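Welcome, and take a moment to look over the model below.

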Amino acid sequence: MSKPKLISFNVCPFVQRSVILLEEKGVDYDIDFIDVYDPPAWFLEISPTGKVPVLQVNDEVLFESTVIGEYIEEVYDPKFHPADPLIKAKNRAWMEYTSSLYGGTFNLMMAKSKGSADKFVKEMRETQKSLDEVKQNRPWFNGDEFSMADIFAAPYFVRAEFFKKNFNIDLLEGNANLQDWSDRLLARKSVKNSIVKGFENIMVERMVENKSFLVTG
Ligand SMILES: N[C@@H](CCC(=O)N[C@@H](CS)C(=O)NCC(=O)O)C(=O)O
């Protein structure tokens, strides 16, 4: 089997899920960065959705971060999913659930007014509530064992930290369980390695280009 190649966009949370998983498993992989909002022709030829992540394996092309994650999980050790099929299915449901939070972080980045920024913060806090109720105050999503569900949520906490540090918006305010989860995730080498160089500047530049309320005031 040849080295898998991940097609990435530098600040995409969905790609970041794949990167963290590859890093956790110590997989030897290549990564190619594109501007997904001005994609090269070769990318549009191989990608059915025009979205990243895409994983190229031999002559095959995989898309959708959840599917890419499941493939990596099946093929490479160590395994991160819980073995019990019911718990595993429950984890997959919550992995899907965290996807909606990424839409929220993007909306907040690009919000054009205080009113809409406040609305997106409120919506994310609502979404977080159910996640918090399931995760509870245990070290990881499934208790003591680090798993895929933790990996798939990690990019959200990277973005929550970005808003807190740069714009004084604390999405996790008053939520000790989620803050603890965030601290554990952000301290992990795989998560640190998944954050591209200059991440915060790139995010802010995108916000400036889009005349985001958070940067224009
Ligand atoms: N459901 C997809 C979402 C991927 C996604 O939305 N990626 C964004 C970048 S973060 C993208 O490629 N956007 C380009 C577009 O929508 O044209 C997944 O989980 O992989």
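**A charged patch**

Asp35, Asp38, Glu205 and Glu209 form a negative surface patch. This is a predicted model, in which local features need pLDDT of at least 70 and side-chain atom pairs count only at pLDDT 80 or more, while totals for chains, interfaces and linings use all residues. Residues are numbered from 1 along each chain as its sequence is written, and side-chain values use heavy atoms, with hydrogens and water left out.

- Patch residues have over 30% relative accessible area (Shrake-Rupley, 1.4 Å probe) and no salt bridge, with like charges joined within 9 Å.
- A salt bridge here is a side-chain nitrogen of Lys or Arg within 4 Å of a carboxyl oxygen of Asp or Glu.
- Glu205 belongs to helix 9 (residues 199-209); helices are DSSP runs of H or I with at least four residues, and strands are E runs of at least two.

**The largest pocket**

- The largest pocket holds about 570 Å³ of space.
- A pocket is an open set of points on a 1 Å grid where a 1.4 Å probe fits, with protein on both sides within 12 Å along at least five of seven lines; lining residues have an atom within 4 Å of a point.
- Its lining has 27 residues, and Cys12, Phe14, Tyr37, Lys51 and Val52 lie nearest the centre.
- Helix 4 contributes the most to this lining, with seven residues.

**Backbone features**

- Most peptide bonds are trans.
- The bond from Val52 to Pro53 is cis, with omega near 5 degrees, and Pro53 sits in the loop between helix 2 (41-46) and strand 3 (54-57).
- Asp77 and Pro78 are also joined by a cis peptide bond, with omega about -5 degrees.

How values were computed
Patch = residues over 30% accessible without salt bridge, like charges linked within 9 Å, V, L, I, M, F, W, Y side chains within 5 Å. Lys, Arg positive; Asp, Glu negative; His and termini not counted. Charge placed at Lys NZ, Arg CZ, Asp CG, Glu CD. Points joined across faces, edges and corners; volume = space filled by probe spheres on them.
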